[in-house]
Amino acid sequence: MIELRAVHKQFGATRAVDGVSLRIAPGSITALIGASGSGKSTLLRLINRMVELDGGQILLDGQDIRDGPPEALRRRMGYVIQSTGLFPHWTVARNIATVPVLLGWPAAQCAHRVDELLALLGLEPERYRGRYPHQLSGGQQQRVGVARALAARPAVLLMDEPFGALDPVTRQSLQQALAQLQQALGTTIVLVTHDIDEALRLGQRLVLMDQGRVVQAGTPAQLLAQPASPQVSDFLGRATLGQRLLGLRRVAEILRPGEAACGAPLQPGQSLQDALAAFLLRRADRLPVADAQGRPLGAIRFIDLLQDPR
Ligand SMILES: Nc1ncnc2c1ncn2[C@@H]1O[C@H](COP(=O)(O)OP(=O)(O)O)[C@@H](O)[C@H]1O
Ligand SMILES: [Mg+2]
C-alpha cells in the first residue's frame, strides 16, 4: 500500500503538486491522467524520491519513504519512461539484469531471471538475450525496458507514459502484455498516461489531476457515469462517454442464455462496444453468442444495451 498524505511540491512559484492525498491499494493498477503540466510526472517521481517533497508525507507499507536512503527505495520500485534509457553498449540480458547485478545476485540467478522475464514479455530468450538495443524495434525495446524495471521483483512499478512513442498496434499489444504480467506478478502499478483509452483499458482506478490537485479519483465506471464536474466529463471526452462506458462492459453481462439468433456469434468476453458495432453493421436487433469452441450460449438484444449496468 502506498499512502500519500497532503503531498506538496513547488518549483519556484509553480505548485506542481498541491495537497494530494491518495491511497494506492497493493496489486492494483492506478492511472494518473490529466492535461500536460497538471503534475502527474512530479507526483510519480515524488513516490520514488527522484523529486523530494516540500510538504506532506508518503508512506510505503506504513513506513515513511524518507526513512533510509533514496537508492534503497528505488531498488524496490521499478521505473519506466517513454524513452527506455537502455544502455546501448549492453546486451538485452545485461540491461535487464542491471538491478539484480547491483544487488549482488549470483550470475546464474540473474540469467534465469532474464530468461523468465523475456518469456513473460513475449520475447524468445534464445533469440533476444544477446542482442543490443539498436537491434530491436521500438516496441521490443520498450518490452526490455519493462523487463528491466521488474527484474528485482519490485512490489511497485512506476510508469510515465511508457507507451507514448509507440504506434497504436504495438501499444495495444504492450498494454495487453502489461495487464497479463500484472495479473501474474501482483505488482502495484502507477501509470501516468495522457491516453484516456489506455487509462480505461488498464486502470482499475483513475486519478484525474489538474493544476497539481486531484479533481476526481475512482473506478473508470465512476468517472464516466458520475463525473464530479463538467471538467471531468470534458476530459474524458463528452461525445464518446457512452461508447467508452460500453467499452468497459462485456457481452456476458446482458447474455440471455438459451435464446437463439442468426449470424456469426460474438463471444461473452467481447465488450459491449464491439456488440454495438455488430448490431449496427448487421442491422440486427439480436445477435448470437457462443463460447471459444463455437458452442451456442444464447443471444443478446440491442434493447439491453440501454439497461443500467447490473
Ligand atoms: N524540475 C522542474 N523545475 C521546474 N518546474 C518543473 C519541474 N518539473 C515540473 N515542473 C513544473 O511543474 C508542473 C507540473 O509538471 P509535470 O509534473 O511534469 O506535469 P505533467 O507530467 O502532468 O505534464 C509544470 O508546470 C512544470 O512546468
Ligand atoms: Mg509528464
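The legends below describe close-up views of a predicted model.

**View 1**
The residues around ligand 1 are F11, T14, A16, A35, S36, G37, S38, G39, K40, S41 and T42. Strand β2 (14-24) and helix α1 each supply at least two residues of this shell. The largest share, three residues, comes from α1.

**View 1. Polar contacts to ligand 1.**
A polar backbone atom of G37 is 2.7 Å from an oxygen atom of the ligand. For G39, a backbone N or O atom lies 3.0 Å from a ligand oxygen atom. K40 places a polar side-chain atom 2.8 Å from an oxygen atom of ligand 1. Taken alone, ligand 1 exposes 560 Å², of which the protein buries 57%.

**View 2. Helix α1 and the residue that follows.**
Helix α1 spans residues 40-47 and is mostly covered, with six of its eight residues buried. These buried residues are K40, T42, L43, L44, L46 and I47. Just after the helix, R49 takes a positive phi of about 65 degrees.

Three strands form an open sheet in the order β11-β13-β12, with antiparallel pairing. Strands β11 (256-257) and β12 (286-290) stand at the edges; each has a single partner strand, so one side of each is left without a neighbour in the sheet. Two bridges join β11 to β13 (residues 296-301) in the antiparallel sense, and R256 stands opposite A299 in β13. Helix α13 (residues 272-282) packs on the sheet, touching β12 and β13. The direction of α13 makes about 130 degrees with that of β12.

Note on methods. Residues are numbered from 1 along each chain as its sequence is written. Chains are lettered from A and ligands numbered from 1 in the order in which they are written. This is a predicted model: local features need pLDDT of at least 70, side-chain atom pairs count only at pLDDT 80 or more; totals for chains, interfaces and linings use all residues. Side-chain values use heavy atoms; hydrogens and water are left out. Two strands pair if DSSP finds at least two bridges between them. Helices (H or I, at least four residues) and strands (E, at least two) are DSSP runs, numbered from the N terminus. Contact means heavy atoms within 4.5 Å. Axes are lines fitted to C-alpha atoms, for helices over the stretch in contact, and angles run from 0 to 180 degrees between N-to-C directions. Buried means under 20% relative accessible area, exposed over 50%, partly exposed in between (1.4 Å probe, protein chains only). A residue is near a molecule or strand if one of its heavy atoms lies within 4 Å of it. A polar contact is a pair of N or O atoms within 3.5 Å; within protein, one must be able to donate a hydrogen and the other to accept it, and residues adjacent in sequence count only if both atoms are side-chain atoms. Accessible areas come from the Shrake-Rupley method with a 1.4 Å probe; for residues, only the protein chains shown count as cover.
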